[in-house]
Amino acid sequence: MKKNAVSSGHRALTLRILRSSPTEGVAPHWQDFHLEEAEGMTLFIALNEVRETLDPALQFDFVCRAGICGSCGMLINGKPGLACRSLTRDLDPLITLAPLPVFELIGDLSVNTGKWMRGTAERLETWVHSSQEADLTALEAPMEPELAEAIYELDRCIECGCCVAGCGTLRMREEFVGAIGLNKIARFRLDPRDERSDDDFYQLIGDDTGVFGCMSLLACQDVCPKGLPLQTQIAFLRRKMVASGL
Amino acid sequence: MDSSFDSSGIARPLAPVRPLPEAAARSAQAVQVRTRKSRWPARLDLLQSASGLFLALFLVGHMFFVSSILISKEAFYAVARFFEGAYFLAEPRPWLVSGVVGVVLTVFVAHAWLAMRKFPANFRQYKVFAEHKAQLRHGDTGLWWIQLWTGFALFFLGTVHLYGMLTQPELIGPYESADRIWTGNMWPLYLLLLFAVEIHGSIGLYRLALKWGWLEGRDPAATRRRLRAAKTAFSVFFLGLGLASLLAYVQLGIAHADKAGERYVPQRASAVKLGELEFALSRRPGG
């Protein structure tokens, strides 16, 4: 019989999970869970099986199961990714899972990305800045479809935190805004309803904690589960901010 | 009526409901103060790239000029004298080379100073990045680590070489360089320098293109793959050219070791001198 295969012909998987619980004083330690691979199994399905059959106390986050909510980000064999978008058949039978770094650890694979994202949103003021009084009953001003598409393209970010965890610069320097912050600035810079100028954006990201701190490691681009054009957006912002700063 | 809906959030929809991460909260306060941000981070970022581009382009030219030894001793002699202005001044002026080296050294030091801003600033940062790199196994993250170490090596290797060229520009020639490399025991330094500078230069050009979005085209991912292939080709070509040139100087240095210190005189000049001697001899009475 093929190694790591069980009687049904499916592979035997081992999920090696970094367990911890800061609130209960459980120090980080690895724990192995053994299960049989199923057809089309994702890590999300595997983790649910572990929780249902082996350890109900296992903590991990999920909502949508379809790569939309961004809740199930974790380190999969050391690389940030979404559990619901990772097929076990694409991985070796021994799979290590750890919580995303940078974010506040809740327990096991669960981290508080929301707190970090909120801090970044407030720091970078990622909302439409308009001097016009909003009339909630009026029709929105029309926008060219191409422009709406371009804004939507950047708005697809699900704030899963994979780019944050994959960024060596941010790991070294926690004050760095990261690709997610820069992408949001690029999104609002495109938005005609936002009246901020490049000088205003320079105030937010025109230093080494902002766009000039980016070391172009490009892991953000390579691990983003939504395939956002982070590489080109950061390069574009860098050019604009240099032009604004000179 | 009781409700789980908190209407206070409407009135102040952006008020923090939980304490912010310390770094983010600090920056949020800084933004609110609205002091005008320094323009220098933009200038320094541009200067780092511009100085790196200048040095990389200089390196390309330098390697072609140095490798003229592979054609012949005369070819390298001609190149060396050209940069001393021998073909447009009355006589060679080695200080012209010192001037060029002085500019390169200045840019080199400036680039090192600017790049140091990105180095890990303490052991914690160093350890975090090293562990992150080992865990992520990501190509471009690894390339930056190589840049860090080759750049660090160049602080020393590059400075020694540039100082020598700055202070002894007249000792650039087929025998002079070969003697310096072999009899002067500079070949180990040049060997290390060659690897450090070619790898650093090729990765630097690749990263520059990505950093500023040059040559992105319609498919930036495909461009990135092509740039990466070009980077590897650049490294292999210039390492090969450099190694072949260094070997040629070493061979010449070994052959010339017993006459180390003797300046090179091109064959044509020798022939002229020899011709003058023969002419003088033929004019001797009874010659």
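1. Chain A contains nine helices and seven strands. The model is a predicted one.

2. Chain A has 246 residues, and 54% of them count as buried. Its accessible surface is about 11000 Å², with 52% of that area belonging to carbon and sulfur atoms. Among contacts in chain A with a separation of 6 or more, 62% are made by residues 24 or more positions apart.

3. Chain A carries 25 positive and 35 negative charges.

4. The largest nonpolar core is made of 40 residues, and A:Leu182, A:Ile205 and A:Val211 have the most contacts inside it. At least two residues of this core come from each of α2 (113-124), α4 (162-166), α6 (178-190), α7 (198-205) and α9 (230-245) of chain A, and likewise from α9 (187-212) of chain B. Domain 1 (12-110) and domain 2 (125-244) of chain A each provide at least three residues of the core.

5. Which residues are in contact with A:Ile205, leaving aside its neighbours within four places in sequence? They are A:Leu124, A:Leu182, A:Ile185, A:Gly210, A:Val211, A:Phe212, A:Leu237 and A:Met241. Of these, A:Leu182 and A:Val211 were named above with A:Ile205 for having the most contacts inside the core.

6. There is also a second, separate core, with 29 residues. B:Leu154, B:Met165, B:Leu246 and B:Tyr249 are among them.

Note on methods. Residues numbered from 1 in each chain as written. Chains lettered and ligands numbered in written order. Predicted model: local features only at pLDDT ≥ 70, side-chain atom pairs only at ≥ 80, totals over all residues. Heavy atoms only, no water. Helix = DSSP H or I, 4+ residues; strand = E, 2+ residues; numbered from the N terminus. Buried < 20%, exposed > 50% of the residue type's maximum accessible area, 1.4 Å probe, protein only. Contact = heavy atoms within 4.5 Å. Areas by Shrake-Rupley, 256 points an atom, 1.4 Å probe, with all protein chains shown as cover. Lys, Arg positive; Asp, Glu negative; His and termini not counted. Charge placed at Lys NZ, Arg CZ, Asp CG, Glu CD. Core = buried A, V, L, I, M, F, W, Y, C linked by side-chain atoms within 4.5 Å. Domains from an automatic or database assignment.
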